[in-house]
Amino acid sequence: MRSITIRECLNEAISQEMQKDDTVVLMGCDVAVRGNPFGVTRGLLQKFGAKRIMDTPISEAGFTGMGIGAAAMGLRPIVEILYSDWITLAMDQIVNMAAKMRYMFGGNIELPMVIRAPFGAGGGCAAQHSQSFEAWFNHIPGLKVVCPISPHDVKGMLITAIRDNNPVIFFEHKRAYQMKGEVPEEPYTVPIGEAVVRRPGKDVTIVAYSLMAIRAMEVAEELAQEEIDCEVIDLRSVLPLDYQTVMNSVAKTNRVVVVQEANLRGGLASDIVAEIIDRGFDLLDSPPVRVGGLNVPMPYNVGLENKVIPNKDTIKEAVFKTLQG
Amino acid sequence: MNAKTERNVPKQFTCYTPLKAPKSLDKAQQLDMYYRMRLIREFDTKVKDLWMENEIYGLAHSYVGAEAIAVGACAALEEGDAITSTHRGHGHVIAKGADIRKMMAELFGKAEGYNHGKGGSMHIADVKHGILGATGIVGSGMPIAVGSALAADRLGKEWVTLCFHGDGGTNQGVWHESVNLAAAWSLPVVFIVENNYMAIGTELVNVTKEVNLYKRAVGYGIPGVQVDGFNVLVVYAEVKKAVERARKGEGPSVIEAKFMRLLGHFVADDQWYRDLEALKPYWNLDPIVRMKEYLVEEQIATLKEIDEIDARVVEEINEAIRYARDECTEPSVGVLYENLYADGEIIK
């Protein structure tokens, strides 16, 4: 099978869905002529024209809300937030409109839309171009939140998200666009809400998502040399979150580490650990351990940045800690 | 012209215009406008009573005094056109043809209401009939209206979207973003600024230098007009022009319907913070009284016909209340997770 980058996966998924369904449109800052700053949407303007691939003004609230209104009235918009940090500008529209309209209108509306947002840190982009806000959206009933990381999942899950009749926040890791993997050429779907066991193991479960799932895999391979057998779960989707897979694994290993890239306080890892305790405290042989970024804005200096983001060492330490219990 | 009645117009109200129906409006249409304004008045008058008697609860904002705007504007629409509304939205949805029984049931929180008891006064929606929903956050419906217009344009459909909002909404950033987007792409939407001069207790002049809000349209390269918001016929005429323009693909307009909030911000607000004496002359401009006088003086309708409409309206609202109170049912707890996600999916 051919191997393509995540950038190409995203482009292909959008392109194939637009080919298949005339109501799919793409809007956002610089998505058309320039093909987005990461090159994800390059070439789509030429294929589908300016009526469907729309360069918007720098008005996140305005064009996100426009996407919501368009979804309500028959389009299937993909709204791109250029860096997910700026999704704050569209928060009212996402939280109070997209997530609420169906429920507060008693179900008499559907909002099939995807909000794509490049997130994550690395490379010295500093405090306003590095953040991971998935926990905020996880807190909001009415949304779905996904962050697939394998090229195969990225393509399949974007197609699923576009076909979904709910607003889906689709986080793409900025540092992963160049990652390659084997991906079928034809359109296919990967379900939202199903985690995947990336590596079976019997000693410790590591739950992670997005780039941290890759780090967790690297850690697991290295620890295997030390005869520590980690099971790695890539959540892929954080809302809904597949607790069945998580608990099945915890039942087997009885030890769990949950890793997120976002700063730790108030993050998803805390919520996941709490849920594991609620569902299966007695399964645990040692206290669950959370790994996350430091609670500071992302510093520019790359040396400092590397201290803030979780890395293989911090994940390993967490694994050792669970084994001591 | 209804110049026959001497009217004491407050001198600050510079956009006062005597009523005069365009030739295209026949008697039945004018009587229908009167009927709908009366229906809104009666609905919101009774809603206040019901709220004060603890029969309904939450927040309800009265459209009393603004009836000419929603009714004039919606009369200019065709079947299939859409509107977005505001927290003060009863008038918009009644003017667009909503079923007052389902509205009242919603205000009572009943399962038979438009939103099955999950929305209440501020969120009444009937998307199939072009009512894209009321919203409780000032300005938040603006881009939704632009999105509806985008969908019409991209799907090659004819519908026009009216975006109702207040003077308060025009100071939200999203107002500017939305008007700019719609203007840039010539989308079929009409922005109707209901300038009632008050944002809860804040007077427009204290937070806005240029209080003639239609002038902002110039900055976006689109037409802007100001009309007497107590005059249903002039609202109709101006909105009709803007809707026709939008339908032809010539883009959006801003229509500022200037009036004055006559009652409190919400139904139980007694307005202790306002000079109620200064407000009194504005009651002389009551859009329903003016329309009634006009219809009679111009011999378009007899007093008897008007009285019949008034009686019918009272009966319909009483019936809606009876239906909501006595016939409708409380939603079951089992529906709590329903309709959060589409296609029957339950995510807890």
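**Exercise 1. State how many residues of domain 1 of chain A are in contact with how many of domain 2 of chain A, and describe the domain 1 side.**

Solution. In this predicted model, 26 residues of domain 1 of chain A are in contact with 22 residues of domain 2 of chain A; two residues are in contact if their C-beta atoms, placed from the backbone, lie within 7 Å.

Step 1. On the domain 1 side, helix 6 (134-138), strand 6 (144-146), helix 7 (151-163) and strand 7 (167-173) of chain A each give two or more residues. Helices (H or I, at least four residues) and strands (E, at least two) are DSSP runs, numbered from the N terminus.

Step 2. Helix 6 of chain A provides the largest share of that side, 4 residues.

Step 3. The side divides into 14 nonpolar, 8 polar and 4 charged residues. Ala, Val, Leu, Ile, Met, Phe, Trp, Tyr, Cys and Pro count as nonpolar, Asp, Glu, Lys and Arg as charged, and the others, Gly among them, as polar.

Step 4. Domain 1 spans 3-182 and domain 2 spans 196-324 of chain A, with bounds from an automatic or database domain assignment. Their centres, taken over C-alpha atoms, are separated by 26 Å.

Residues are numbered from 1 along each chain as its sequence is written, and chains are lettered from A and ligands numbered from 1 in the order in which they are written. Local features need pLDDT of at least 70, side-chain atom pairs count only at pLDDT 80 or more, and totals for chains, interfaces and linings use all residues.

**Exercise 2. Describe the side of chain B that touches chain A.**

Solution. Step 1. Chain B gives 37 residues to the contact and chain A gives 36 residues.

Step 2. Helix 5 (142-155) and helix 6 (173-184) of chain B are the elements with two or more residues on the chain B side. The largest share, 11 residues, comes from helix 5 of chain B.

Step 3. By type, the chain B side holds 20 nonpolar, 12 polar and 5 charged residues.

**Exercise 3. Determine how the axes of helix 3 and helix 4 of chain A cross.**

Solution. Step 1. The axes of helix 3 (residues 60-72) and helix 4 (residues 91-98) of chain A come within 8 Å and cross at roughly 25°. Axes are lines fitted to C-alpha atoms, for helices over the stretch in contact, and angles run from 0 to 180 degrees between N-to-C directions.

Step 2. Helix 3 of chain A is therefore roughly parallel to helix 4 of chain A, as angles under 35 degrees count as roughly parallel.

Step 3. Among the contact residues are A:Ala61 and A:Ile68 of helix 3 and A:Ile94 and A:Met97 of helix 4 of chain A.

Conventions:
Parallel < 35°, antiparallel > 145°, perpendicular 65-115°, else oblique.
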